[in-house]
Amino acid sequence: MKNLSLLLLICLSNFVFSQNAKEVEPPYIEVIGTAKREIDPNQIFISITLIEKSIDNKKYSIDAQETKLQQILSDLNISKSKLTLSDFSSSIITEKRKEVGFKQSKQFILLLETAQQVSNLFEKLFDANIKEADVVKIDHTDIVNYNKEVRIEAVKAAKAKAEYITNAVGNKIGKPLEIIEQNADTNFYLGNANRFNMSNTAITLSSSEFKKIIITFSFKVKYLIE
């Protein structure tokens, strides 16, 4: 009986010690650091669709438009290697349930670097009655490195915040106990560019028409307080 009571006492003591050990945590501070950067895109993707059409009783074949498109690129000193065929389609035209012909289209993707290039291109295309063109995407060739840099800035911002808060009460921070990334976001805004389709009027672009690429990162960091 005595041995049983002693065993229960030891178990109870260990349980109480374990509970107390869990409750006692080292002092720490938890902060969130955020960094943001805006960059100009240097990759602007233009979708150009060529379709057979008739304007003012004048027919524009796909081949003729493609030849004109190649000439426009040459006039603007844009390398033809920047133009790629993304789609070629053909569909049957019916009238009163009878086949009366085929409708064909070619879609190209053109990669440009500046808003000025886009403006010059759209003006030339409009004059050539090639109006099915849109800005479909913007990007940057060095976006991966920009993301890394902004992440580092966010972590540094968290450390700076933790330091001046703890210094204000006469303490200093120790090693980080936890680092968690939050709300990672890289927005590729087209701004007004996503409405440029030249269906009715010629478009003149400036660099301000393209919203900058906005990179934002946040990190929650827990630091030991010494």
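# Asking why: helices, loops and charges

User: In helix α2, which residues are buried?
Analyst: I62, Q65, E66, L69, I72 and L73 are the buried ones in α2. Buried means under 20% relative accessible area, exposed means over 50%, and partly exposed is in between (1.4 Å probe, protein chains only).

User: What puts them on the same side of α2?
Analyst: Their arc around the axis is only 115°, which places them on the same side of α2. The arc is taken from the directions from the helix axis to the C-beta atoms. Here's the background: an α-helix has 3.6 residues a turn, so residues three or four places apart point the same way. On the face turned away from the buried side of α2, you'll find the exposed residues D63 and T67.

User: What kind of model am I looking at?
Analyst: It's a predicted model, where local features need pLDDT of at least 70, side-chain atom pairs count only at pLDDT 80 or more, and totals for chains, interfaces and linings use all residues.

User: How many helices and strands does the protein have?
Analyst: There are 4 helices and 9 strands, in the order α-β-β-β-β-α-β-β-α-β-α-β-β along the sequence. These are DSSP runs numbered from the N terminus (helices: H or I, at least four residues; strands: E, at least two).

User: How do you know that the span of α2 agrees with its number of residues?
Analyst: The expected span is 1.5 Å times one less than the number of residues. For the 14 residues of α2 (residues 62–75) that gives 20 Å, and the end C-alpha atoms are 20 Å apart, so the two agree.

User: And what about α3?
Analyst: The 13 residues of α3 should span 18 Å, and its end C-alpha atoms are 19 Å apart, which counts as agreement. Its buried residues are A115, V118, S119, L121, F122 and L125. Looking down the axis of α3, they fall within an arc of 165°, so they line one face of the helix.

User: How far does α4 reach?
Analyst: From first C-alpha to last, the 26 residues of α4 (residues 143–168) reach 38 Å, close to the expected 38 Å. Buried in α4 are I143, N147, V150, A154, A158, A162 and T166. G170 follows α4 with a positive phi near 80°.

User: Why is N77 called exposed?
Analyst: Its relative accessibility is 73%, so N77 counts as exposed. N77 sits in the loop between α2 and β5 (83–95), and its phi is positive, about 55°, even though it is not a glycine.

User: Then why does N129 count as buried?
Analyst: N129 has 17% relative accessibility, which makes it buried. N129 is in the loop between α3 (115–127) and β7 (133–139). N129 isn't a glycine either, yet it takes a positive phi of about 60°.

User: What makes K53 buried?
Analyst: Its relative accessible area is 16%, so K53 is buried. K53 belongs to strand β3 (residues 53–55). Leaving out residues up to four places away in sequence, K53 touches K58, K59, Y60, Q65, N129, I130, K131 and E132; a contact means heavy atoms within 4.5 Å. K53 and N129 are 76 residues apart in sequence, with 9.8 Å between their C-alpha atoms.

User: Which residues does Y146 touch?
Analyst: With residues up to four places away in sequence set aside, Y146 touches R37, I39, H140 and I215. Y146 is in helix α4. Y146 and R37 are 109 residues apart along the chain, and 8.5 Å separates their C-alpha atoms.

User: How do you know that the charged end of K222 sits over the ring of Y28?
Analyst: The rule asks for NZ of Lys or CZ of Arg within 6 Å of the ring centre and within 35 degrees of the ring normal. The charged end of K222 is 4.4 Å from the centre of the Y28 ring and sits over it. The charged end of K137 also sits over a ring, that of F45, at 5.2 Å from its centre.

User: How much of the protein is buried overall?
Analyst: Buried residues make up 30% of its 226 residues.

Note on methods
Residues are numbered from 1 along each chain as its sequence is written. Side-chain values use heavy atoms; hydrogens and water are left out.
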